[in-house]
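Visitor: I am new to this structure. Could you take me through it step by step?

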Amino acid sequence: MDLGTTIIGLICIVICAIPFVLTIRGKKKKEKQLLVSLKDLAKQQNCEITEFDICGFYAIGIDKAKNFVFFVFKKKDLSKQQFVDLSTIKSCKIANIGKSTSKNGKIIEQLHLNFSPIDDNKTNTVFEFYNVDVNYQISGELESIKKWNTLINNVLKTSK
């Protein structure tokens, strides 16, 4: 009787664990695909990723030697690949777009990293880290965008 209970218990544990294992494997596969896309984009510009982050549906990386930043976003049928040559950029700023609430709070709807070019005739480049229409819940994007804004602004200061 104890052997039967043990076997049933083990089967239940395995059945409960399978969705978690599959979810983790799927997430690792998606992260690997994002990193490959990011590195391929860098190779197209004769660059090499020296530092990167993967968060949700995007990957961002930098080649500190050549002062390029790369950004890849993929979610189902929506895909974007962008890069910025930091030697042509005067500033990098976070755009936190959202609604104010009645209790002095703010609901974040979009998070962008805006690159302002030195040449005023050129348009800003925007990396979209978060959009409420694409991702339903924010998870790490705010910390990531702050980290990359600081890192990019430090590179901009040292390269001038």
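Guide: We start with the order of elements, where helices (H or I, at least four residues) and strands (E, at least two) are DSSP runs numbered from the N terminus. From the N terminus on, the protein runs α-β-β-β-β-β-β-β-α. This is a predicted model, in which local features need pLDDT of at least 70, side-chain atom pairs count only at pLDDT 80 or more, and totals for chains, interfaces and linings use all residues. Residues are numbered from 1 along each chain as its sequence is written, and side-chain values use heavy atoms, with hydrogens and water left out.

Visitor: How many helices and strands does the protein have?

Guide: The elements are counted by type over the protein. The count is 2 helices and 7 strands.

Visitor: What is the span of helix α2 between its end C-alpha atoms?

Guide: Helix α2 covers residues 141-159, which is 19 residues. The expected span is 1.5 Å times one less than the number of residues, so α2 should span 27 Å. The end C-alpha atoms agree with this, being apart by 27 Å.

Visitor: Which strands do the buried residues of α2 pack against?

Guide: Buried means under 20% relative accessible area, exposed over 50%, partly exposed in between (1.4 Å probe, protein chains only). In α2 the buried residues include W148, L151 and I152. With contact meaning heavy atoms within 4.5 Å, the buried residues of α2 pack against β1 (51-55), β2 (58-63), β3 (68-75), β5 (89-100), β6 (106-117) and β7 (125-131).

Visitor: What share of the residues of the protein count as buried?

Guide: The protein has 160 residues. Of these, the share that count as buried is 34%.
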